[in-house]
Amino acid sequence: MRNTLSHTTILSSNNMAHSDSGDQSTTTPLLRMRWRRPRFPDTIKLKTSLSSEISGAVGDLGTFIPIVLALSLVNNLNLTTTLTFTGLYNIVTGLLFGLPMPVQPMKSIASVAISQSPPLTIPQIAAAGLSVAGVLLILGCTGLMSVLYRYLPLPVVRGIQLSQGLSFAFSAIKYIRYNQDISTSKSGPSRSWLGLDGLIVALSALLFLILTTGAGVDDSSLNNHSETVELPIRRRLRLLSSIPAALIVFLFGIILCFLRDPSIINDLKFGPSRISLIRITWEDWKIGFVQAAIPQIPLSVLNSVIAVCKLSGDLFPGREASAMKVSTSVGLMNFVGCWFGAMPCCHGAGGLAGQYRFGGRSGASVVFLGFAKLVLGLVFGNSFVRILSEFPIGILGVLLLFAGIELAMASKDMNTKEESFVMLVCAAVSMTGSSAALGFGCGIVLFLLLKLREIDCCGSSSSSSSGTSKRYKSTVDEETSLIA
């Protein structure tokens, strides 16, 4: 009896020991999982160094700052609202696309809003942005944008990219060479050589970016040509490419802001401006749609969606952005922000080219930019306009120049004479008429006419002509053999 009891006690104690050990084995992984480092989404994992991604974040500010500053000075744009919402747009698009997808102003709407007399009001600008957003949202959700993207001839797209890139480059040269009146978007007299916004400052920034970034060749292309490049040269080029050149130039411009006018420190006020819904009347809808939305719609379809998707496939093979997602993204973000008076925005091909040019390779690049905009908008509010107004325009021109050239170089894959012909005519018409829609229409007509020349209208004549050509070829071969 005692043996039985003792045996039972031993078994129960062993079972308790096993259960305790089992509990320990089940609780230990849970404790480890509790203290495991948080995993970041794959879309914002760094593809290069942290400094390169941050440097790429400022690659599209050459277009962002002048337009935002002009709208703030002329149209009383609420800078807190615009910086807050564009910062949120940057963060969401970085997480969604995994690319340095830019958030840029709708340039045609901004141009009309500034140049009209009297200038457009904020409700009218918002109505124009909402109208464009509605069109892009419909095209994206119905799949029509994907169909258009799939069947649109590549030479026509390259023509639009070339025209936009050269347009940015021409504007950049004007920024560098001439004084600019941002509020009227007009060039003044030639810029002086000396001064904190003189030619020497701009040219120094230009030379620094050329020496550090070269023609935009990255490490992968350098490794592909390792046989033709000596090891010391490759090391020096890698060292230069690791420098966050655009970030250094931008921070240098910020320092010059305070040196040009130290009193801006006293003008800075902490705290955001009030963010509220705006009231849009029927008259605002009519003026905004007719005067600003109609010229913006073709530019947004071609440059903000189709050209962006094509360029993303060129720069990031295997990671091409979806036309449906990009179109829907532009529509949704404006449907949110424009009701609060934020600047109408889109995804511009020039911004993507600029951010790639200076090191942006993942969504982390624009996420960093988004958080920076949020901090500036919520901490300084509308008083940050004082800093932007003193930023050297020549330095903005240098950043814009590299973005424009990078976008224009996307057209280098036009190998045949017919493709180059269509591309160049499309670009020329777009730049001369200042209308991407006009260039697009001419490019489509020209492409169809060239294809019409190649259509086989009569099968019999084609077969007879092919037979004649074969007989002619055989005769020529026989004559050649006899001569030999």
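How many buried residues are there among the 5 residues of strand S3 (residues 186-190)? Keep that in mind while you look around; here are my notes.

1. Before anything else: this is a predicted model. The chain has 484 residues, and 48% of them are buried. Its secondary structure comes to 22 helices and 4 strands.

2. Now for that opening question. The count for S3 is 0, so this strand is hardly covered. "Buried" here means under 20% relative accessible area, and none of the 5 residues in S3 gets there.

3. Strand S2 (residues 178-181) runs antiparallel to S3, and 3 bridges join the two. If you want one to look for, find Asp181: its bridge partner in S3 is Lys186.

4. S2 and S3 make a hairpin, with 4 residues sitting between the strands.

5. Next, the helices. An unreviewed UniProt entry annotates several stretches as "transmembrane region", among them residues 125-149 and 366-385. In the model, residues 125-149 are 96% helix and 0% strand, with the end C-alpha atoms 28 Å apart. For residues 366-385 the figures are 75% helix and 0% strand, and there the end C-alpha atoms lie 22 Å apart.

6. Finally, the chain as a whole. Take the contacts with a separation of 6 or more: 84% of them are between residues 24 or more positions apart. The accessible surface comes to about 24,500 Å², and carbon and sulfur atoms account for 65% of that.

Notes: Residues are numbered from 1 along each chain as its sequence is written. This is a predicted model: local features need pLDDT of at least 70, side-chain atom pairs count only at pLDDT 80 or more; totals for chains, interfaces and linings use all residues. Side-chain values use heavy atoms; hydrogens and water are left out. UniProt positions are given in the numbering used here, feature names are shortened, and annotations may be inferred rather than shown by experiment. Buried means under 20% relative accessible area, exposed over 50%, partly exposed in between (1.4 Å probe, protein chains only). Contact means heavy atoms within 4.5 Å. Accessible areas come from the Shrake-Rupley method with a 1.4 Å probe; for residues, only the protein chains shown count as cover. Two strands pair if DSSP finds at least two bridges between them.
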